[in-house]
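Student: Could we take a close look at a single part of this protein? I would like to go through it step by step.

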Amino acid sequence: MFKGEFQCNLKGYPKQNYSEFIKGIIDSDQTLENIFNDEQGQFEEFKIYLKSKIFNNPNEIQQHLTNIYNQWNTQSKVVIKRIEIFRLIMLMYLGLLERNFSQGGFYIIDMSSIKYTNNYISKQKLKCFQNYIKTFYLNSDAIQNDQLIFTKNTVNKEQFKNKFEQSIYQNIDFEFTQLKNEDHQNSTVVDFADQNIGGLVLDTRNCAQEEIVMLIFPEAAVSMIFIPQMNETEAVLIENLKKYSNYTGYEQSFNCQPSMTLQGNYNMLAIDAKPFYSENQFTEKNIDRELIKCYAGFEISLRNQPNYYISTGRWGCGIFRGNPYLKTLIQFLSFAIAVNQVNQQQSKIIFNCVNDQSLFNFGVQLKKLLGQKGVQLNLINLKKSILYMQNGINEQAFYIEGNNIISQIYTILTQDIQQIQKLRLGNDDDVIQAQVDQEIKQVLVNAPIIEENKEIKMLNNQEKKNRNYQVIAIIIAFAVGVFTYKKVFK
């Protein structure tokens, strides 16, 4: 993008009597009245509040926007008071922001579409933002000076490689649930983000996981104003959010359930998975990409908010077609390296499987097997599991050999590394590293070569036969057509 084109400005600013222009927008917006249609007199008080306290100084608002961009561009960090977040969201609600940049349905900063499009999803999205506006207003005296912190973490690939190699021993604590990421108060909620942060939250059709978390934690939506597209080594952490609404459903069944209770404190971690529509996600290159992305997020989360558990789940396993078991192992390993590097031994990662019963059963069984063997999930075995997954496994292998592959993963993850623990107590890093290298190399020897599986070969041969049959059928059909043509028109 061209320099400066991403930056937002007040629409039409500067112009004479700009304060009066804003007041006119407030008075003419009929949707505002719907927010307070159950409270007599409250709507008029709210309009006075907007005019006298929120939009009373347009010059200050424009300067604040400029300061936000300067802070983000120079420090990759912005600290904003909750009342300032409210002002930014009201600018979006009233259509008072403009910029030249556009990215399809991404980075929409004007709520006009969801306000005036008469479809179900638009109405539900609008309900979430209207509930936020009302709840903030009624609680503003108590919360307006709270600060939210937006921070970007960028990881150098070579430095990560060194951290990966140097991190050789680390136990981690984990849990699998059938809940959702946002169901755990005082946690860091993983946003299964698009690289364009905020996703399609303000379009009129889409409502997947990122859109939902932006709707129930609406203060996070202001990130679309000043955070441009993330690259593959970046993650964004948003600290000190509150949940303003509950919900049921997903996509076209999403239903906003307003709550007037400010529920707990949360952080949000935006990490974008890579889509795998045709590409093999089990290659070393693609696994490394996802490891770095997760590490960038988990590192900053543990560093900035060490007392908050990471609440994640089927990251990139929806329309991006990620394999749930591979993505779980990637997150496990990234988390283990982050815990090791940041030295936050009491941290925990929670995997929320929602309706994925198979993944939940995998987690429960893994916990059970570890308990039976008296060992903990550890970084060394996680490295082995990732190496095993790179050794010729793909989606077709999972289709044929899924149970065998998962069984092998259990075996790798529950191996006893007691000898390495003893070496560690002796602080002999060279001996430990040599032992770990030997352990990991052994995985390549023991791991089955999945592509040589006879059933997969049979499947591939059958597919070839089917294609040959299709070609023969087309040739026959063409020949019959030519014969008929000559017969009729001879």
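Predicted model: local features only at pLDDT ≥ 70, side-chain atom pairs only at ≥ 80, totals over all residues.

Which residues is Asp191 in contact with, leaving aside its neighbours within four places in sequence?

Tutor: Leaving aside neighbours within four places in sequence, Asp191 is in contact with Gln209, Glu210, Val213, Met214, Met268, Leu269, Ala270 and Ile271. Asp191 itself sits in strand S6. Its relative accessible area is 0%, so Asp191 is buried, the cut-off being under 20%.

Now for the record. An unreviewed UniProt entry lists Asp191, Glu210 and Glu211 under "active site". These residues span 21 positions in sequence, yet no two of their C-alpha atoms are more than 9.1 Å apart, so they gather at one spot. Of these residues, Glu210 and Glu211 belong to the lining of the largest pocket.

Let's turn to Glu211, which is found in helix H9. Glu211 also counts as buried, with a relative accessibility of 7%. Apart from neighbours within four places in sequence, Glu211 has contacts with Gly198, Gly199, Leu200, Val201 and Asn206.

Finally, look at the pocket. The largest pocket has a volume of about 910 Å³, and 34 residues line it. Phe192, Ala208, Gln209, Tyr250 and Gly318 lie nearest its centre. Strand S6, helix H9 and strand S7 each supply at least two residues of that lining, and the largest share, 4 residues, comes from H9. Sorted by class, the lining holds 15 nonpolar, 11 polar and 8 charged residues.

How values were computed
Residues numbered from 1 in each chain as written. Heavy atoms only, no water. 1 Å grid on protein atoms, 1.4 Å probe; cavity = no way out; pocket = protein on both sides within 12 Å on 5 of 7 lines; lining within 4 Å. Points joined across faces, edges and corners; volume = space filled by probe spheres on them. Nonpolar A, V, L, I, M, F, W, Y, C, P; charged D, E, K, R; others polar. UniProt positions renumbered as here; feature names shortened; annotations may be inferred. Buried < 20%, exposed > 50% of the residue type's maximum accessible area, 1.4 Å probe, protein only. Contact = heavy atoms within 4.5 Å.
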